[in-house]
Amino acid sequence: MGVAVGVGGCTDEGGGGGFRAGAVDVGDPYVPGAGNGGYDVDHYALKVRYDPTGKRLTGQATVTVTATAALSRFDLDLAGLTVDRVLVDAAVAKHRRAGNELVITPAHGLPAGKRFVVEVSYGGVPQPLHSDELGDGGFQTTTDGAIALGQPESASTWFPVNDHPSDKATYDIEVTVPDGLAALSNGVPKGQSTKDGWTTWRWSEGTPMASYLTTLVIGDYRVSTGTHAGKPLVTAVAAELPADGPAAAALARTGEIADFLADRFGPYPFDAYGGIAVADERIRYALETQTRPVYGPAFFRGDRPNTVVVAHELAHQWFGDSVSLARWSDIWLNEGFATYAEWLWTEHDGGRSVAQAFAERYAATDWTKPSVNPGRGAMFGPAVYQRGALAVHALRRAVGDETFFRILRGWLAERRDGTATTADFVAYAERIAGRPLGPLFDAWLSGATPP
Ligand SMILES: [Zn+2]
């Protein structure tokens, strides 16, 4: 999806012929400064090398872009790091930094509709992005390597990017690390090669991916490569976690849980499966990084495998990854459905029924807090997750099981590889159900009193 309209930055700057600067962000108030205007990225080809000894990353990003406006200059998001050179269509382009923006002025204006290639050579010691409300996201060094992970922002800490889910793109990612370390990322494994003490791991995600769903995990991991349903399945468990412990046992059920969800949501949307269990205690969450969710160690305490978190992150492969947010204020569209998938899986796995989960959560809900547009600081709060799931079940009760699952499957098929808003979902549900559902969603998602 294009992001031509944004706030600020639209000053005329040289070039003539109607060429203007692209906007400095997409105007999403939940992530000020994130994303950019005036173009749409089609593909990222990333080659990064990481040396854990000096904590230094060097990178070469080749970004294939289509202009959606006539551009005299444009921005990519890049936090920290030093840019050595920028080429636009193989010609040297001027570049400068403005905070976390990389401002690029090509030698000539770029007409609307033009496809062009940006090559950025860069390097440095990556740093995470800090948020007082949401904690650290992005590149974090670990004792044995690094983890690049975070929502709503993380990608700009390790490569130049249009860092907003409204601009999805395909990726080829090559990561070079010292021999003996694993370098995991998204998508289909494309093999490894070793030279002079360094090993390059290659990954390819050929289905459009939102930038916050990229990940890079480098370190000492037990990597298991197999296939499931004819597609590669790559799981990795940090070497410091037990080989027969709960994290390994939970990840081993990835294929089974994905199949359970596919029976309800429709075909699994990507060309690879997987999961990564990290041991670093600073990762206090799990994230649905595309094809290969990353799980923090807190989910696997004790001796019982936690398959509920696996069901949650795998449900996001449909809700969030395949059908993505156009803006962060609709994050319940991701989390409400992923939480509902936890309820479905728990019931299937012999635990609490969906009806029990609904009743318990209904009683515990603070109805003054809305699911839609909850505020940046409440993006990961119970109104988004639990109240969102209540709304999903309210829809099911209103339209019946057959229509409910037809809505879910049809929505996911129609919006596959795209982005959507709450209004889009409500309109789709109304079309399939054949009756107005706006008042129901308003009451369950945003009403200030119990429905
Ligand atoms: Zn989630």
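Reader: Which residues of helix α5 are buried in this model, and what makes them so?
Author: The model is predicted; local features need pLDDT of at least 70, side-chain atom pairs count only at pLDDT 80 or more, and totals for chains, interfaces and linings use all residues. Residues are numbered from 1 along each chain as its sequence is written, and side-chain values use heavy atoms, without hydrogens and water. In α5 (residues 354-364), Val354, Ala357 and Phe358 are buried, meaning under 20% relative accessible area with a 1.4 Å probe and protein chains only.

Reader: Why are the buried residues of α5 said to line one face?
Author: Seen down the axis of α5, they fall within an arc of 100°, so they line one face of the helix. The arc is taken over directions from the helix axis to the C-beta atoms. An α-helix has 3.6 residues a turn, so residues three or four places apart point the same way.

Reader: What does the face of α5 turned away from its buried side carry?
Author: That face carries Ala355, Ala363 and Ala364, which are exposed, that is, over 50% relative accessible area.

Reader: What covers the buried residues of α5?
Author: The cover includes α4, α6 (382-399) and α9 (438-446).

Reader: What makes a set of points a cavity?
Author: On a 1 Å grid over the protein atoms alone, a 1.4 Å probe fits there but cannot get out. By this rule there is one cavity of 30 Å³ or more. The largest cavity has a volume of about 50 Å³, and its lining divides into seven nonpolar, three polar and no charged residues.

Terms used
Helix = DSSP H or I, 4+ residues; strand = E, 2+ residues; numbered from the N terminus. Contact = heavy atoms within 4.5 Å. 1 Å grid on protein atoms, 1.4 Å probe; cavity = no way out; pocket = protein on both sides within 12 Å on 5 of 7 lines; lining within 4 Å. Points joined across faces, edges and corners; volume = space filled by probe spheres on them. Nonpolar A, V, L, I, M, F, W, Y, C, P; charged D, E, K, R; others polar.
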